[in-house]
Amino acid sequence: MIPFRITFRAGVSLFEQIVYASKKAMIAGQLRPGDPYPSVRTLSKELKINPNTAHKVVAHLVSEGLLETRPGIGTVVAELPDSSRKERTQLLGQEMEELVVEAKRLGIELDEMLSSFAAHWKRLNAADSKRAAGAEPRDGGRKNS
């Protein structure tokens, strides 16, 4: 099973898309240091890509220090340096550009986009808060005195 989400887009190399999705999952915390990374065979089979492309992805991530190979264990996510705010923001560059292009195509103004973005942000934060509250011990909301 592949531990990150990827939707292939036409016009961008599969290699670049998989590397990007992997990095995004690492920076976002979906893949944590020490977590196993899919083997070349698994990447090839699950993503339906050429094994050479899968090997190139793994080799590239190893050379960047994002993955490490451990004898007898396999390939795992390496201990990552803290990512800067700029690096995390750059991960959204492609998606932001697509969103802006689509908004302009639909004639949506910047203030409308910002308002809509803020509403979605608040809705997702509320959903996260509810999930986090549901994970806490259930004691009827009462504190023990």
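This is a predicted model: local features need pLDDT of at least 70, side-chain atom pairs count only at pLDDT 80 or more; totals for chains, interfaces and linings use all residues.
## Packing of α2 and α3

Two packed helices are described by the angle between their axes and the distance between the axes. For helix α2 (residues 40–47) and helix α3 (residues 51–63), the angle is about 125° and the axes are 8 Å apart. The arrangement of α2 is therefore oblique to α3. The crossing in which α2 passes α3 is right-handed.

On the α2 side, the contact is made by Val-40, Leu-43 and Ser-44, while α3 contributes Pro-51, Ala-54, His-55, Val-57 and Val-58. By class, the residues of this contact comprise six nonpolar and two polar, with no charged residue.

## Surroundings of Ile-6

Ile-6 is placed in the segment before α1 (14–28). Leaving aside neighbours within four places in sequence, the residues in contact with Ile-6 are Gln-17, Ile-18, Ala-21 and Leu-47.

A separation of 14 residues in sequence lies between Ile-6 and Tyr-20, and their C-alpha atoms are 9.2 Å apart in space.

## The largest pocket

The volume of the largest pocket is about 620 Å³. Its lining consists of 14 residues, and those nearest the centre are Lys-24, Leu-92, Met-96, Phe-117 and Trp-121. Two or more lining residues come from each of α1, α5 (93–105) and α6 (110–135).

Which element gives the most to the lining of the largest pocket? It is α6, with five residues. Classified by side chain, the lining of the largest pocket holds nine nonpolar, two polar and three charged residues.

## The second largest pocket

The second largest pocket holds about 390 Å³ of space.

With six residues, α1 provides the largest share of the lining of the second largest pocket. The class division here is six nonpolar, four polar and five charged residues.

Notes. Residues are numbered from 1 along each chain as its sequence is written. Side-chain values use heavy atoms; hydrogens and water are left out. Axes are lines fitted to C-alpha atoms, for helices over the stretch in contact, and angles run from 0 to 180 degrees between N-to-C directions. Helices (H or I, at least four residues) and strands (E, at least two) are DSSP runs, numbered from the N terminus. Angles under 35 degrees count as roughly parallel, over 145 as roughly antiparallel, 65 to 115 as roughly perpendicular and the rest as oblique. A crossing is left-handed if the near helix is turned anticlockwise from the far one by less than a right angle, and right-handed if clockwise. Contact means heavy atoms within 4.5 Å. Ala, Val, Leu, Ile, Met, Phe, Trp, Tyr, Cys and Pro count as nonpolar, Asp, Glu, Lys and Arg as charged, and the others, Gly among them, as polar. On a 1 Å grid over the protein atoms alone, a cavity is a set of points where a 1.4 Å probe fits but cannot get out, and a pocket is an open set with protein on both sides within 12 Å along at least five of seven lines; lining residues have an atom within 4 Å of a point. Grid points are joined across faces, edges and corners, and a volume is the space filled by probe spheres set on the points.
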